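Have the structure open beside you as you read.

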Amino acid sequence: MSEQSLGLIETLGLAAAVTAADAAVKSANVTLVGYEFAKGDGMTVVKLRGDVGAVKAAVAAAEMAAGRVGRVVATRVIARPAAGLTRLIDSAETVGCGRTGAQGPVPVPPQEEAPAKPVPTPPDASPSEASGAEPAPEATPETVPEAAPEPAPAAEPEPGRSPIPPPPNRRPCPIG
């Protein structure tokens, strides 16, 4: 932890904290450790890690953005935090994508593929022309669906890769 600096933004309310975290991550190359609720008064602390210059820029941008939404109580950048602070920063109360506590890294649920939609069979097609499915009940003239073109088969993802790519403008959440 001594190689990276630590940035803290304390806000009054969760909306200001989310706005601060969004502005910080978008403005500089920092990692969002998470957020932690204080025990009273609705205060929330956003925790960031990164290079000293990046953390200073991110904290300044977060302070400006959160100040427009709510109240910023305090900000702090610690350039080279002591190794003993790891337990305090990565505590069990820290919620977020980079949380590692006594329980280990936060598990990320696997992404599920959406079930394939059945392609309607035209009413004049014989059962043998259907794609091996059971023949559909005959439709009345007012509910006849139009024939949709058959979708192209999906490419198999590489082993160990998610079939759905992340949005192009988002950084993946580092865990661990």
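Lys26 is exposed, with a relative accessible area of 56%. Here exposed means over 50% relative accessible area, buried means under 20%, and partly exposed lies in between (1.4 Å probe, protein chains only). What you see is a predicted model, in which local features need pLDDT of at least 70 and side-chain atom pairs count only at pLDDT 80 or more, while totals for chains, interfaces and linings use all residues. Residues are numbered from 1 along each chain as its sequence is written, and side-chain values use heavy atoms, leaving out hydrogens and water.

The side chain of Lys26 meets that of Asp22 in a salt bridge, a term for a side-chain nitrogen of Lys or Arg within 4 Å of a carboxyl oxygen of Asp or Glu. Asp22 is partly exposed, at 36% relative accessibility. Both residues lie in helix 1, four residues apart, about one turn of the helix. Helices (H or I, at least four residues) and strands (E, at least two) are DSSP runs, numbered from the N terminus.

How many salt bridges does the structure hold? There are two, and here they are side by side.

| Salt bridge | N to O distance |
|---|---|
| Lys26 and Asp22 | 3.3 Å |
| Glu36 and Lys47 | 2.5 Å |

Glu36 lies in strand 2 and Lys47 in strand 3, so this second pair ties together parts that are eleven residues apart in sequence. Is Lys47 buried or exposed? Lys47 counts as buried because its relative accessibility is 3%. Leaving out residues up to four places away in sequence, Lys47 touches, among others, Gly7, Thr31, Glu36, Leu88 and Thr94; touching, or contact, means heavy atoms within 4.5 Å.

Now follow strand 3 itself. Seven of its eight residues are buried. Strand 3 runs antiparallel to strand 1 (residues 5-12), and eight bridges join them. It also pairs with strand 2 (residues 30-37), again in the antiparallel sense, over seven bridges. Two strands count as paired if DSSP finds at least two bridges between them. Gly7 stands opposite Leu48 in strand 3, and Gly34 stands opposite Lys47. Five residues sit between the strands in the hairpin of strand 2 and strand 3, where Asp41 takes a positive phi near 65 degrees.

In a regular strand the side chains alternate between the two faces of the sheet.

Next comes the interior. A nonpolar core is a set of buried Ala, Val, Leu, Ile, Met, Phe, Trp, Tyr and Cys residues joined through side-chain atoms within 4.5 Å. The largest one has 16 residues, of which Ile9, Val30, Val46, Leu48 and Ala58 touch the most other members. Helix 1 (14-27), strand 3 (43-50) and helix 2 (52-69) each give two or more residues to this core, and the largest share, six residues, comes from helix 2. Beyond its neighbours within four places in sequence, Leu48 has contacts including Ile9, Ala24, Val30, Ala58 and Val59.

Finally, look at a loop. Asp90 is found between helix 3 (86-89) and strand 5 (100-101). Asp90 is buried, with a relative accessible area of 13%. Asp90 and Val33 are 57 residues apart in sequence and 7.9 Å apart in space, C-alpha to C-alpha.
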